[in-house]
Amino acid sequence: MRIAVWSPLPPSPSGIADYVAETLPALSKRFDVVALAEDPEAVSAAVRDAVPVHRAAEPPEADLHVHHLGNSPAHAFVYRAALAHPGVVVLHDWNLHHLVLRETVERGDVSAYLREMRRAYGETGTFVGRQVTRALGGDLLPALFPLNERVLEGSLGVVTLSAQTSARVGRRLPGRPRLHLPHHLSLPLDPPPSREESRRALGLPADAFVVTAPGLATASKRLDLAVRVMARLRADHPESLLVVAGAAEARLPLASWAAEAGLGDGLRVSGRLDLTDFERHLAAADAVLALRFPSHGEMSGAVVRALGVGRPVLVTTGSAAAAEFPEGVIVPVDPGPREEAELEACLRHLYARPALRETIGTLAAVHVRERHRLEDTVETLASFLRAVESGKAEALAAIAADRSGAGGLLGYFMEEVRWGARDLGLADVRLGLEGLLRPLTGSAR
């Protein structure tokens, strides 16, 4: 059985690229696997040694396509492939709004974006879409409208990395094959280095209270709050240190926030890291900060790694990570009006209780190592892919029937009726629309 895996791949600066690369060797033991990338020659040698890598513009024949989708421009070619070659969608982010914006508005095609919004959300979508195109939506409006409908409805099955996102898929497409696949744990250094070893290797003070924010620093990671909280904590405990283990988004005023809060040299930004030093930064931490609001339904690989090395991780209540792990394994922080005060209380509590930090970290490591093993998750995925492939012919016929009127007046009528069906909770019901609506267009079959 040949599997075509579509995804950004290392050295792409994407956590999803690392995730896919980690699964390919194990997946290739079970299937004939080929990977698809925009520029195969730019893909790391380690990936090219594991599986053949083909150019996305020239895909080979495959029994089943697997599309790894995230809400970033790096996934645009995967999004287009998922529409052209129906297969299994691995939905790393529930929300794909920014990806669709990039494929439409940022390419100068506002009308296509507004059509997508109306297709998915009716008149409300049209109204909201107009606000977003006028740059009036901020970060919150796109977070409320995931714009994943077209790619999900055109899939043969859906894999999610959190139970929260799986439940959303089930409500949107009842009856569609779906799999909740726990995000695997993969550590380049295993067993992980000690806190002391990691700090020596990274040049961090041995006696500091280190709070680490892993990955690319963005506005949604609540670092403005973290900077203010750490400045107050540092005023009482000068050894406190906030470390951003990764680069900062160019437009993020991280240095300005630190200056205004008086954090001074209590903030360190590492820049982009390889996975080995990334793990060392997690191991060097006393606590890991992984807040996210608004959340796009993502399941963070950094959170899984931080839990795997045995560190307490603070996450946003209501996020996929908070729903995925039990309390006692993670530390939830409510994103409401008292978020900053709650974050400060949690960090002060952890600062004052080293034994509690160790207890939470031990519980986290045991939980993740028991439930998130790479080989186990790949075997679960392989079983799901075999099951989807066995029903592929019937599912492809149903998708083709739903798409038969795309692009003309008939397509417009069909989309309008489908929006009404979605609004009534009938998104995955095959309505046989073409025979009913074609006479209204005045055209014969």
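Leu289 stands opposite Leu314 in strand β12, strands being DSSP runs of E with at least two residues and helices runs of H or I with at least four, numbered from the N terminus. The chain crosses from β11 through helix α13 (residues 301–308) to β12 in a right-handed β-α-β crossover; right-handed here describes a path from the first strand over the helix to the second that runs clockwise when the strands point away from the viewer. The model is predicted, with local features needing pLDDT of at least 70 and side-chain atom pairs counting only at pLDDT 80 or more, while totals for chains, interfaces and linings use all residues. Residues are numbered from 1 along each chain as its sequence is written, and side-chain values use heavy atoms, without hydrogens and water.

Strand β11 (residues 287–290) runs parallel to β12, joined by 3 bridges, where pairing requires at least two DSSP bridges. On the other pairing, 3 bridges join β12 to the parallel strand β13 (residues 331–333), with Val315 opposite Pro332. In a regular strand the side chains alternate between the two faces of the sheet. In β12 (residues 313–316), Val313 and Val315 on one side and Leu314 and Thr316 on the other are all buried, that is, under 20% relative accessible area with a 1.4 Å probe and protein chains only.

Turning to helix α7 (residues 149–153), this is the place of Glu149. Glu149 counts as buried because its relative accessibility is 3%. Its side chain makes a polar contact of 2.7 Å with that of Tyr121 and another of 2.7 Å with that of Arg172. A polar contact is a pair of N or O atoms within 3.5 Å; within protein, one must be able to donate a hydrogen and the other to accept it, and residues adjacent in sequence count only if both atoms are side-chain atoms. Beyond its neighbours within four places in sequence, Glu149 is in contact (heavy atoms within 4.5 Å) with Arg119, Ala120, Tyr121 and Arg172.

How values were computed
Buried < 20%, exposed > 50% of the residue type's maximum accessible area, 1.4 Å probe, protein only.
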